[in-house]
Amino acid sequence: DFDPGCLGTLHDTPSIVGGALAVAEAAKSSGQDLILSVAVGHELAVRLKAAEVDRAIEGYAFLTFAVLGSAGKLLKLTTQQMANAIGVASFIYPPNTVQRYFNTSPVRMFKYTSFGKVAEAGVQAALLAQAGFNGDTDALDGSHCFWKSADQTAWQADKLIEGLGQVWTHKV
């Protein structure tokens with residue numbers, strides 16, 4: 001676990017870097033591509049967290065999509081493949097278990113989120129889409145979307161794209 005857990009990074013580094021390293025090695029990506037994909041993943045993580053309506057819900061399921069963005073960048077997925085990968089990820093992400101962890105006594109010997117599983121789900125979704133699997137391309141919208149299954153009442157899509165291409169978002 002190589003989590004800095006500071007500077008507003010939301011514990012995103014273990015999943016994003018772990019997933020990116022695995023994909024970069026398998027794809028024989030350049031160091032420059034690896035660094036760019038990690039930056040993309042971190043940017044997505046902060047933007048996805050900012051898009052949550054109920055910030056009191058604690059969990060890291062949303063990081064699956066940040067890992068997916070990073071992996072998709074390395075794999076050079078098309079727009080359609082990314083849409084399918086998002087749909088796949090929306091079904092295989094690890095659940096939000098932070099509250100359960102902190103409200104269970106005695107505290108167990110397992111961390112409140114398995115960040116390795118978050119990385120695995122994001123990478124797996126990207127690889128499946130690359131291989132031709134399709135997913136729910138409306139996974140982020142609608143009455144049965146990811147946000148509702150992740151205990152959010154809704155999300156603010158405008159927060160996800162606010163200042164995109166103009167401002168690097170690195171803190172919530």
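User: What volume does the second largest pocket have?

Analyst: The volume of the second largest pocket is about 230 Å³. This is a predicted model, so local features need pLDDT of at least 70 and side-chain atom pairs count only at pLDDT 80 or more, while totals for chains, interfaces and linings use all residues. Residues are numbered from 1 along each chain as its sequence is written, and side-chain values use heavy atoms, with hydrogens and water left out.

User: What is a pocket, and what is a volume?

Analyst: On a 1 Å grid over the protein atoms alone, a pocket is an open set of points with protein on both sides within 12 Å along at least five of seven lines; a cavity is a set where a 1.4 Å probe fits but cannot get out, and lining residues have an atom within 4 Å of a point. Grid points are joined across faces, edges and corners, and the volume is the space filled by probe spheres set on the points.

User: Which residues line the second largest pocket?

Analyst: Among them are Pro94, Arg100, Tyr101, Arg108, Phe110 and Tyr112. The lining divides into 5 nonpolar, 4 polar and 3 charged residues. Here Ala, Val, Leu, Ile, Met, Phe, Trp, Tyr, Cys and Pro count as nonpolar, Asp, Glu, Lys and Arg as charged, and the others, Gly among them, as polar.

User: How many residues line the largest pocket, and which lie nearest its centre?

Analyst: Its lining has 21 residues, and Leu44, Met82, Ile86, Leu140 and Leu160 lie nearest the centre. The space in the largest pocket is about 500 Å³. By class, the lining residues are 13 nonpolar, 3 polar and 5 charged. H2 gives the most to this lining, with 5 residues. Helices (H or I, at least four residues) and strands (E, at least two) are DSSP runs, numbered from the N terminus.

User: How many salt bridges does a search of the whole structure find?

Analyst: Side chains of opposite charge can pair when their charged atoms come close. A salt bridge is a side-chain nitrogen of Lys or Arg within 4 Å of a carboxyl oxygen of Asp or Glu. The search finds 3. In one of them, Lys76 pairs with Asp33, with the closest N and O atoms 3.9 Å apart. That pair links distant parts of the chain, 43 residues apart: Lys76 is in the loop between H3 (63–75) and H4 (79–92), and Asp33 is in H2 (31–51).

User: Are Arg47 and Glu43 buried or exposed?

Analyst: Buried means under 20% relative accessible area, exposed over 50%, and partly exposed in between (1.4 Å probe, protein chains only). Arg47 is buried at 2%, and Glu43 is buried at 11%. Their side chains form a salt bridge at 2.5 Å, N to O. Both are in H2, 4 residues apart, about one helical turn.

User: Where do Glu120 and Lys117 lie?

Analyst: Both are in H6 (115–130), 3 residues apart, about one turn of the helix. Glu120 is partly exposed at 42%, as is Lys117 at 46%.

User: What is the phi of Lys28, and what bond joins Ser105 and Pro106?

Analyst: Most residues other than glycine have a negative phi, and most peptide bonds are trans. Phi of Lys28 is positive, near 55°. Lys28 is in the loop between H1 (13–27) and H2, and is exposed at 75% relative accessible area. Lys76 also has a positive phi, of about 55°, and is exposed at 60%. Ser105 and Pro106 are joined by a cis peptide bond, with omega about 0°. Pro106 is in the loop between H5 (98–102) and H6.
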